[in-house]
Amino acid sequence: MFLVMPVFAINLLSIFVFRPQLITLSEDWANGNFKGFKKTATKLYAWVALVTVLALGGGYLLGIPVLELLYNADLSNEKMVFMVLLLSGGFSAASTLTLTLFTTMRKQALCLIAYGATILFALIMPDIMTSAWGLMGAALSYLCEMAMLFIIMFVMFLISVGRKKQ
């Protein structure tokens, strides 16, 4: 539990940045300003990437010692698990951003496809990976789930924006 708490900070920080952009995104989409919509979306994805990279750097240098200090627990053997979880948080934040963009476009129903595929994966793989690799297997399973969710959503987002431009 101690390792998972900081992961949500990436998503939280990202939400604070992209929620205020909803009006701009909505206006651009509604007015057919797809270039502006795409530019804002690109900036928001860059923000998520930047926060993720900073979290990975900070987590690598200070994450485990700070968590050990806060929770009075020995986490020295869990650094790689922590790093995998932080990367997962970046994919989670990117997925949340993509969901927000779909909502702006009024195409949030497309997300059901991505969530459905991810659920099928999540019903099977965590048990297998956790049995094989313990805590690292659970972290890798979460990474795979978040990456899969983001990739499917992002591809559908690109297709949706491309079709609208035509």
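Visitor: What is the protein built from, helices or strands?
Guide: The predicted model has 5 helices and 0 strands. Read along the sequence, the pattern is α-α-α-α-α. The C-alpha atoms fill a box of roughly 55 × 30 × 15 Å along the principal axes, and 40% of the 166 residues count as buried.

Visitor: How do you describe two packed helices?
Guide: By the angle between their axes and the distance between the axes.

Visitor: What makes α3 and α4 roughly parallel or roughly antiparallel?
Guide: Helix α3 covers residues 34-71, and this helix packs with α4 at an angle of about 160°, the axes being 9 Å apart. Angles over 145 degrees count as roughly antiparallel, so α3 is roughly antiparallel to α4. Their crossing is right-handed.

Visitor: Which classes of residue make up the contact of α3 with α4?
Guide: That contact has 19 nonpolar, 6 polar and 1 charged residues.

Visitor: Why are α1 and α3 called roughly antiparallel to each other?
Guide: Helix α1, residues 7-18, packs with α3 at about 150°, with the axes 10 Å apart. The cut-off is over 145 degrees, and the pair α1 and α3 is therefore roughly antiparallel. The crossing of α1 and α3 is right-handed.

Visitor: And how do you know that α2 is roughly antiparallel to α3?
Guide: Helix α2, residues 22-30, packs with α3 at about 150°, and their axes lie 7 Å apart. With the limit at over 145 degrees, that makes α2 roughly antiparallel to α3. Here the crossing is left-handed.

Visitor: Let us turn to the rings. How many aromatic pairs does the structure hold?
Guide: The structure holds 10 aromatic pairs. One of them is W29 with F37, whose ring centres are 4.9 Å apart and whose planes stand at 55°.

Visitor: Why is the pair of W29 and F37 called tilted?
Guide: Centres within 6.5 Å make a pair, and planes under 30 degrees apart would be stacked, over 60 edge-to-face, and the rest tilted. The planes of W29 and F37 are at 55°, so the pair is tilted.

Visitor: Are W29 and F37 buried or exposed?
Guide: Buried means under 20% relative accessible area. W29 has 10%, so W29 is buried. F37 has 0%, so F37 counts as buried too.

Visitor: What makes the pair of F91 and F150 tilted?
Guide: The ring centres of F91 and F150 are 6.1 Å apart, and their planes are at 45°.

Visitor: Why is F91 called partly exposed?
Guide: Partly exposed lies between the 20% limit for buried and the 50% limit for exposed. F91 is at 24%, so F91 counts as partly exposed. F150 is at 14%, so F150 is buried.

Visitor: Which residues form one aromatic cluster?
Guide: The cluster is formed by W29, F34, F37, Y45, F91, F102, F150, F154 and F157.

Visitor: Why is N72 called exposed?
Guide: Exposed means over 50% relative accessible area. N72 has 72%, so N72 is exposed. N72 sits in the loop between α3 and α4, and has a positive phi of about 50° although it is not a glycine.

Visitor: How do you know that R106 is exposed?
Guide: R106 has a relative accessible area of 74%, so R106 is exposed. R106 lies in the loop between α4 and α5. Phi of R106 is near 60°, a positive value in a residue other than glycine.

Note on methods: Residues numbered from 1 in each chain as written. Predicted model: local features only at pLDDT ≥ 70, side-chain atom pairs only at ≥ 80, totals over all residues. Heavy atoms only, no water. Phe/Tyr/Trp six-rings, centres within 6.5 Å; stacked < 30°, edge-to-face > 60°. Buried < 20%, exposed > 50% of the residue type's maximum accessible area, 1.4 Å probe, protein only. Axes fitted to C-alpha atoms, helices over the stretch in contact; angles between N-to-C directions. Helix = DSSP H or I, 4+ residues; strand = E, 2+ residues; numbered from the N terminus. Parallel < 35°, antiparallel > 145°, perpendicular 65-115°, else oblique. Left-handed = near helix turned anticlockwise from the far one by under 90°. Nonpolar A, V, L, I, M, F, W, Y, C, P; charged D, E, K, R; others polar.
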